[in-house]
Amino acid sequence: MNENESYIRWQNIRITQLGFANNLIILLSVALLGFYVKFLETCGCLNNIQKFFICVCFMLIIISIILGFIVMLNRLDDFKLTAQIARKRETDQRNGIEKDRTQAKELGKKTYSYFIWQVVTFLGAFISGFIIVVVEFSDKLF
């Protein structure tokens, strides 16, 4: 096996894992949203700290979900452009291929940037929600 085959194999694994991770964060965000909606239905009156953190939590969950969809759409654009580059290379039509490669690299960078922000907003929502639950059950926990 040469170096190029190894790179292609690992590149495929990386692409697959990014898609899996993106889908997982979207799924967990929707589940977290459902959990906190149900939590609000069952808990008593919220104090001001809890109200603040529930607003932050809901906002971060929605942002995380939106970022997940942006990651997905950005990846689709990247795959489409990469397929066009491959077609140009195969048919020996080099016209504009460097511009397309530059654009594909930018799309790849944006994808990872959006993905990192998706994870950060999800974790922020999780922590905010955790604070709400701890405050609600602090008398039973401590």
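The sulfur of Cys45 sits 8.5 Å from the closest cysteine sulfur, which belongs to Cys43, and that is too far for a bond. A disulfide here is a pair of cysteine sulfur atoms within 2.5 Å, and by this rule the count comes to zero disulfides. This is a predicted model, in which local features need pLDDT of at least 70 and side-chain atom pairs count only at pLDDT 80 or more, while totals for chains, interfaces and linings use all residues. Residues are numbered from 1 along each chain as its sequence is written, and side-chain values use heavy atoms, with hydrogens and water left out.

**Cysteines**

- As a quick reminder, a disulfide is a covalent bond between the sulfur atoms of two cysteines.
- Cys45 is exposed, at 76% relative accessibility; in this scheme buried means under 20% relative accessible area, exposed means over 50%, and partly exposed lies in between (1.4 Å probe, protein chains only).
- Cys43 is buried, at 14% relative accessibility.
- You will find Cys43 in the loop between helix 1 and helix 2 (48-90); helices (H or I, at least four residues) and strands (E, at least two) are DSSP runs, numbered from the N terminus.
- Although Cys43 and Glu136 are 93 residues apart in sequence, their C-alpha atoms are 7.9 Å apart in space.
- For Cys57, the closest cysteine sulfur is that of Cys55, and at 9.9 Å it is too far for a bond.
- Cys57 is buried, with a relative accessible area of 0%.

**Aromatic rings**

- A search of the whole structure turns up four aromatic pairs; rings of Phe, Tyr and Trp (its six-membered ring) pair if their centres lie within 6.5 Å, and planes under 30 degrees apart count as stacked, over 60 as edge-to-face and the rest as tilted.
- One of these pairs is Phe35 with Tyr36: the ring centres are 5.0 Å apart and the planes stand at 75°, so the pair is edge-to-face.
- Phe35 also pairs with Phe39, and because their planes are at 20°, with centres 6.4 Å apart, this pair is stacked.
- Phe35 and Phe39 both lie in helix 1 (residues 3-42), four residues apart, or about one turn of the helix.
- Phe35, Tyr36, Phe39 and Phe137 together make up one aromatic cluster.

**Exposure within the cluster**

- Phe35 is partly exposed, with a relative accessible area of 45%.
- Tyr36 is buried, at 3% relative accessibility.
- Phe39 is buried too, at 7% relative accessibility.
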